[in-house]
Amino acid sequence: MIAILVHIYYPDSWRKILLEQLLPLRKYQPRVLINLCNINSDANHLASVIRKDFSEAVIIITPNKGKDIGGKLALIDMFLHLRIQSDYIIMLHDKLSPQAIKGENWRKTLFNIISPNLVAGIIHDFEKDKRVGVIGSASFLMNEYNEDTHQFASTNNKNIKELLERYNIRPISYSFIGGTMFWIRTSIVKSFFQRIPALNCRETLEKGNIMDHFEGSYTHTWERLMCWIASAQNYSIKGI
Amino acid sequence: MLFSKWIVADLKDYQELNKLPVRPGLCVEFLYDEDSMPGMYQHVQEIIDPNGFTILLSDNSISEMNTDTVLNSIITLFFQPSFYIVNKAPVIFTTATVNIHFNEMLKKLKEKCLLQGFADVIIVQPINNTDSQHACFYYIDGRNFNLNSILENPINDYLKSRNFFPPHFVIFGDTISNKLVQYETILNQELLASKTVNYKIATEIYYLQMKIQHFGHKLSQQNINEDNLRIYLEIQKKDLSKALDWYHYEYEILPIWYKQFGHIVKVIMGKRSFRSLFSDNVKKYKD
């Protein structure tokens, strides 16, 4: 059983990007949970449009906090409250990255993880190797940690160290999937967020369209932590 | 309709309200019970009206609001598409006794809501318990209201502060059928009141205020978009400058004869057409 957690910021991305990508997944009978950003005054209208396509979708509307990470944390909170039974969670969002010339390419590569000809293989990979905790695009599998200096080659270095300490996360590897779109075992998410409530984590995130090009942010730190919660439970991160 | 009307009922009674041509809001007493919360979230997902439901904090609710878990579970309700939100602030009703514990709990809830990105939390109290005309409600208990005179205070407030808060009417009662009868009574009273001058003025003010809020929201969206574009431009400038530096140090600083030789290599490798070495008017590259 699969649960799909989708954060939508841009109102037109449901019909333009996401619907087409999600329809082929219907045969797996996933539980779909969607977060809409309240910055769009017609979020309620969008919710009714989504329900026409996915009548069983659970929809929430949240303030614009922590970009897609904030949305995904709110969705994890809802997922846990509803006690949904699933083996894997797929995290997605309408990554447009308007600041980046390669934004569209990034999105296409990240969305490969739900391409119909890869899904069965991903499930097989999880079943075959019980130590694989996260699967995402190999092109976005990164590691910024320098073992000699014990620093992260990122503007988020300070925030990373602070949050690892605060939440007592001790990853066995600092690899992560940039872009926060991946498959993760539900047990990993449950185990971490039952210890530290997702909404408490969301409280620390920055408001609005925060970027980390010039200085670090808690939001972008969480982009890394989302994978490290798996690594800290002795699971590996696999790129495909 | 100008007055917002709420029926205090269970979530299972929503289907009854849903049958009505003019639906009142559903006000659910919040009583935390870990095992019944999943069912509650599932039920509120079925409410289709935006601003279709809210919660009532009673003395019992307040006594339970002493942990992060309970406060978070209330905030999760605020995330539901049908929760009553005004100007990005969730609106909740309370009949609880105002004391130190009550104030402390609401302060905590408010702080947590701000941290989640909400603008505020609006607490609506019974008219007799509060000095605030801004967030008050009237109990519906079968008696007739002089709705015309009830509107005088909000109109006067508007003239002073340019803020208009139409009063709420909350229907309590024992059975859902009894509550629906009371709802119909207040609906009829409002229909009669709608012919009065005060009601007409109040309606005008209310819709004017809604328009102002709508445009204010649009303006703030525009400002956000403008800020975003400025940031994107800054990032693209930085990236472009990085790429140009890379080009300069990797290629531009090489001697000219080396670069010219490189172009001949490109022709040999089939990456560039031979004729383009001598003319700018022919196709240079294959792609």
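Chain B has an average pLDDT of 88, with 97% of its residues scoring at least 70, where pLDDT is the predictor's confidence in each residue, from 0 to 100. This is a predicted model, in which local features need pLDDT of at least 70, side-chain atom pairs count only at pLDDT 80 or more, and totals for chains, interfaces and linings use all residues. Residues are numbered from 1 along each chain as its sequence is written, while chains are lettered from A and ligands numbered from 1 in the order in which they are written. For the complex, the predictor gives an ipTM of 0.94 and a pTM of 0.88.

**Two helices of chain B**

- Helix α4 (residues 68–78) of chain B and helix α5 (residues 100–115) of chain B have axes that come within 10 Å and cross at roughly 55°.
- This makes α4(B) oblique to α5(B), since angles under 35 degrees count as roughly parallel, over 145 as roughly antiparallel, 65 to 115 as roughly perpendicular and the rest as oblique.
- From α4(B), Leu71(B), Ile74(B) and Ile75(B) meet Lys108(B), Leu109(B), Lys112(B) and Cys113(B) of α5(B), contact being counted if C-beta atoms, placed from the backbone, lie within 7 Å.
- The residues of this contact of α4(B) with α5(B) comprise five nonpolar, no polar and two charged (Ala, Val, Leu, Ile, Met, Phe, Trp, Tyr, Cys and Pro count as nonpolar, Asp, Glu, Lys and Arg as charged, and the others, Gly among them, as polar).

**Where the chains touch**

- The contact draws 31 residues from chain A and 27 residues from chain B.
- On the side of chain A that touches chain B, β3(A) gives the most, with five residues.
- By class, that side of chain A has 14 nonpolar, eleven polar and six charged residues.

Technical notes
Axes are lines fitted to C-alpha atoms, for helices over the stretch in contact, and angles run from 0 to 180 degrees between N-to-C directions. Helices (H or I, at least four residues) and strands (E, at least two) are DSSP runs, numbered from the N terminus. Two residues are in contact if their C-beta atoms, placed from the backbone, lie within 7 Å.
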